[in-house]
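Thanks for coming. I will take a few minutes on one model, so please look at the screen.

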Amino acid sequence: MTGSRHSGNLTEQQEKNEEYKRKRELRNLTIIVICAVVLAAVVFVCANIGYIKFSIPDIFRIFTGGGTNRENLVVFEFRMPRIIVSILAGAALALSGCILQGVVRNDLADPGLLGINAGAGLLVILYVMFFGTQSFLSVFTLPFLALIGAGVATAAVYALAFKRGEGVAPMRLILTGVAIQAGIAALTTVLVVKLDDDQFDFVARWQAGSIWGSSWDYVIALLPWLLILVPYVMSKFRVLDVLNLGDSVAGSLGASVEKERRGLLAAAAGLAASAVAIGGNISFVGLIAPHLGRRLVGPRHLVLLPTCALLGAVLVSVADTIARVIVEPSEIPTGIVVAIVGAPYFLYLLMRNKH
Amino acid sequence: MTDNEEFANGQPPVRNKSRAGLTGMILSVGLLSLFFLMAFSITKGAVKIPLSAVWDAFFNFNGNDIQHLIVIDIRLPRAIASALVGAAFAVAGAIMQGTTRNPLADSGLMGLNAGAGFALAMCYAFLPGLSYMRIIIASFLGAALGAALVNGIASFRLGGSTPTRLVLAGAAVSMFLIALSQGIAIYFEVAQDVMFWTVGGVSGSTWEQVGLIAPVILIALALSVALSRSVSVLSLGEDVAKGLGANTALIGVFCSVIVLILAGTSVAVVGAVGFVGLVVPHFVRYLVGVDYRFIIPCSAVLGALLVVAADLFARNLNPPFETPLGATIALIGVPFFLHLARRQKRAV
């Protein structure tokens, strides 16, 4: 600004800006690459850790196809599907949270705001009440019911927050989401009191977020959601940047605010609901990963979205591995480990960064 | 009254005066209804007690009459505890929303609920058989620990805490403590005990408890009314508040302490029924506008009304069983909140 009087200073300033931009791009790229490398390493290490241990050469041998039947069974049938499910669920929840915080412009927004966790949780409890914890009709009944619960809750939030002519203003969406969440939570409390010990234990674990889907079937069930929704969301990175500026600015910049918002909210709901259906209630990822991402690479969604997805994937897969091995052979729910590992790191970033 | 005179003179009503008049009306009508609702709630319950017996219990107490004992030793402390806790949660929520400028903020954001829950899980896991009073005190200490963590982390950096940092630190610390207590509860198999304590609400309130919390909450309520002007200034945003000459850091500290006292004691006694702190300030803001000198007293009265009514429902929906207090609060609060969400214009 001071340079505007002297043309020499102006160009200097511009050069500085350019250099700063280049540095930033480079830094962002580095961070994304680091995240990706960490994720790859995590897959490798997680396949290695567990009740049955392998040495590093063994793992190489198994991955390249030279394993015995037993080794193949452990790595490819037990561990890999679970690792992949946790990666997909983490990425989906993180993306969902990132979209929501962008769309409603509130730091506290997470997929729970759309009623996803509450709706899914309610149906899980109802299922457990009527069918018990042992008699699963099929491995897909529970995830399917959870998905339906999440879908119905989200639809209710959207319908109640929608107003003709104004669409879904962010503030109305937030308040409606909170109200629906509280209402369903109240129903849940009434039901939870009536559960017996086993049922309660199951529900408590589900609420704390334990990944139960650990076979290739679940991977196949989860993958299409991401394959369809992630490209859609990535293609909307500019819209998300613009929506961040507020409805009126976004509208005058030419965004069709309500239409874009509806699409993005649906995508966020789909991502989170599929992840919650299979991964349980790991809501913390959706809240924290976007903030971590923003602190690492800034607010531009072109870089922010992939960073969030990678961070979410790393966070959940690492947490899931810790959850698997820390109190072997029993398990503590993954969601608990996610919060215990993720929160201190986030608080560290909060204390370090100025903005 | 002044409003009517102004209208009669054909003058346009002065906006702030009409707000003050409305506030006065809400306060007087609210207090009156609170009194009648409490009297009504004392007569209702698993055992029906006629009003005449209630009257006798107050003015003609007979220690051998079971009805008199129920009124004086069970229902009255319970009604008073509900009113106190409701007022405390609502005012704490109003202060939080005003100072953080976030419509999602309530006292849970200060780490209070999570801290109390953590202490509770620790008590059940490691010190089983602790007395009722000790659990309450431990819960309050847990709430204080949560608040200290949140505020400490938010203001760690030079320049002190800003609302955004407070909100984020609060969310993260809460998640952390909740995860710890869930982990402890599941691992030591006390999750169900913890849950039953949390849904218990104000059942089992005694005069001992009321004697402990009443002075604390009443003093804190008075302090928050005294502080309401500063909260209004802070709710305009930190920059504006500084421009108006407010010492934002100092006000922030005061507000945090008051919220801790109000919500910390309440959480310790009834568990996390935080929805009161969310819904009541929103509703009051809808009625009386954005001035916290009006919002805070009205929140106190309406919060007390809400919890007394909710406890009345909790006891009478399915007697002799009690419906969880959190559920009945949501039952009353959620429709209001949905209505507000559709009507709202300005948020905080």
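Predicted model: local features only at pLDDT ≥ 70, side-chain atom pairs only at ≥ 80, totals over all residues.

Residues are numbered from 1 along each chain as its sequence is written, and chains are lettered from A and ligands numbered from 1 in the order in which they are written.

The contact between the chains involves 43 residues of chain B and 41 residues of chain A; contact means C-beta atoms, placed from the backbone, within 7 Å. On the chain B side, helix 7, helix 8, helix 12 and helix 14 each supply at least two residues. Helices here are DSSP runs of H or I, at least four residues, numbered from the N terminus. Helix 7 of chain B gives the most, 16 residues.

Next, the core. The largest nonpolar core has 236 residues, and Ala89(A), Ala92(A), Leu95(A), Val91(B) and Ala172(B) touch the most other members. Such a core is a set of buried Ala, Val, Leu, Ile, Met, Phe, Trp, Tyr and Cys residues joined through C-beta atoms within 7 Å. Buried means 20 or more other C-beta atoms within 10 Å of the residue's own. Beyond four places in sequence, the contacts of Ala89(A) include Ile211(A), Leu222(A) and Val316(A).

Last, helix 5 of chain B, residues 112–126. Twelve of its 15 residues are buried, so this helix is largely enclosed by the rest of the structure. Its buried residues pack against helix 6, helix 7, helix 8 and helix 11 of chain B.

Methods: Contact = placed C-beta atoms within 7 Å. Expected span 1.5 Å × (residues − 1).
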